[in-house]
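This report goes through helix packing, the nonpolar core and a handful of loop residues. The sequence and the structure come first.

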Amino acid sequence: MPIDKTPEKNAILFVWFNHYAGILVKTPSKTIVVDPVDVRARSFPYVDAILITHEHYDHLDPRLITEIQRDTNCTIIADPASTQRLQHAIPPEKLQQISPAEEIKIGEVSIKAAKCNHPAAAPVTYIITSEDGVKIFHTADSLPFPELAAIGEKEKFDVVFCTVGIAPGSSPETGFEIARLTKPQVAVPYHTNSTDYQQQFAAILKEELPRTACLIPELNKIYQVSKRK
Ligand SMILES: [Zn+2]
């Protein structure tokens with residue numbers, strides 16, 4: 001599932017590659033992979049950075065990350081608990097710990113961490129801003145929380161990934177609540193193996209938030225999102 005195409009200007013491409021929060025984002029200049037598990041390292045021959053949200057098995061696979069890092073020499077950005085789990089396997093200059101409100105640049109692409117409402121040690125979500133200003137909010141498998149409204153207002157997201165299943169307490173309704181609070185141009189229901197849950201999310205969104213488009217992703221397909229006008 002590597003993306004061979006390059007996105008148009010003011011756009012990004014993404015692929016959802018597992019039933020959890022596994023997302024590959026391609027900007028015009030960089031390839032970023034979030035929470036790779038349940039895939040082969042050779043699926044990612046070109047990677048500039050891997051982002052890890054928290055230490056749970058469906059988000060962090062130290063052996064896989066070590067293999068991808070060795071093959072691509074990419075940078076790893078991770079929450080504190082995952083950083084600790086990776087520190088003996090990844091060269092120190094390639095491993096960067098991040099906490100909410102901190103920002104790390106990968107070339108001209110900005111990676112900012114934000115709060116995550118999930119029962120892990122120190123989980124984060126990621127605000128990824130492409131070099132031409134496309135705004136992606138990868139919310140890991142967070143449940144909604146009030147500060148999302150202010151984050152959404154400030155960032156004006158083009159695309160927000162919303163957990164609709166598997167994680168404790170999550171449902172199509174909690175996924176919708178993330179979309180309602182952040183008000184993106186495009187909302188993507190993920191972190192589920194149920195297309196029913198994705199459809200339920202889409203139905204609530206259409207009813208309650210008609211200005212936000214729903215993009216129901218299929219695994220391993222490439223989607224393009226352009227910056228809002
Ligand atoms: Zn998860």
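## Terms and basis

Two residues are in contact, or touch, if their C-beta atoms, placed from the backbone, lie within 7 Å. By that rule, and not counting residues up to four places away in sequence, His 19 touches Thr 192 and Asn 193.

The model is predicted: local features need pLDDT of at least 70, side-chain atom pairs count only at pLDDT 80 or more, and totals for chains, interfaces and linings use all residues. Residues are numbered from 1 along each chain as its sequence is written. Helices (H or I, at least four residues) and strands (E, at least two) are DSSP runs, numbered from the N terminus.

## Helix 4 against helix 5

Helix 4 covers residues 172-182 and helix 5 covers residues 195-208; their axes are 9 Å apart and the packing angle is about 40 degrees. Axes here are lines fitted to C-alpha atoms, for helices over the stretch in contact, and angles run from 0 to 180 degrees between N-to-C directions. Angles under 35 degrees count as roughly parallel, over 145 as roughly antiparallel, 65 to 115 as roughly perpendicular and the rest as oblique. Helix 4 and helix 5 are therefore oblique to each other.

Helix 4 passes helix 5 in a right-handed crossing. A crossing is right-handed if the near helix is turned clockwise from the far one by less than a right angle, and left-handed if anticlockwise. On the helix 4 side, the contact is made by Pro 172, Glu 173, Gly 175, Phe 176, Ala 179 and Arg 180, and on the helix 5 side by Tyr 197, Gln 200, Phe 201, Ile 204, Leu 205 and Glu 208. The residues of this contact comprise 7 nonpolar, 2 polar and 3 charged. In this count Ala, Val, Leu, Ile, Met, Phe, Trp, Tyr, Cys and Pro are nonpolar, Asp, Glu, Lys and Arg are charged, and the others, Gly among them, are polar.

## Helix 3 against helix 4

Helix 3 (residues 148-155) also packs on helix 4: the axes come within 7 Å and cross at roughly 50 degrees. That makes helix 3 oblique to helix 4.

From helix 3, Leu 148, Ala 149, Ile 151 and Gly 152 meet Ile 178, Leu 181 and Thr 182 of helix 4. The residues of the contact of helix 3 with helix 4 divide into 5 nonpolar, 2 polar and no charged.

## Nonpolar core

A nonpolar core is a set of buried Ala, Val, Leu, Ile, Met, Phe, Trp, Tyr and Cys residues joined through C-beta atoms within 7 Å. A residue is buried if 20 or more other C-beta atoms lie within 10 Å of its own, exposed if 12 or fewer, and partly exposed in between, with C-beta atoms placed from the backbone.

The largest such core has 62 residues, of which Ala 49, Ile 50, Leu 51, Ile 76, Val 160 and Cys 162 touch the most other members. Not counting residues up to four places away in sequence, Ala 49 touches Ile 32, Cys 74, Thr 75, Ile 77, Ile 106 and Ile 111.

Asn 10 is a residue other than glycine with a positive phi, near 60 degrees. Asn 10 lies in the segment before strand 1 (11-16) and is partly exposed, with 16 other C-beta atoms within 10 Å.

Asn 73, which is not a glycine, has a positive phi of about 60 degrees. Asn 73 is found in the loop between helix 1 (62-72) and strand 5 (75-78), and counts as exposed with 11 C-beta neighbours inside 10 Å.

His 19 lies in the loop between strand 1 and strand 2 (23-26). With 17 C-beta neighbours inside 10 Å, His 19 counts as partly exposed. His 19 and Asn 73 are 54 residues apart in sequence, and their C-alpha atoms are 26 Å apart in space.

The loop between strand 11 (159-163) and helix 4 holds Ile 166, which is partly exposed with 17 other C-beta atoms within 10 Å. Leaving out residues up to four places away in sequence, Ile 166 touches Tyr 20, His 191 and Thr 192. Pro 168 is also found in the loop between strand 11 and helix 4, and is exposed, with 8 other C-beta atoms within 10 Å.
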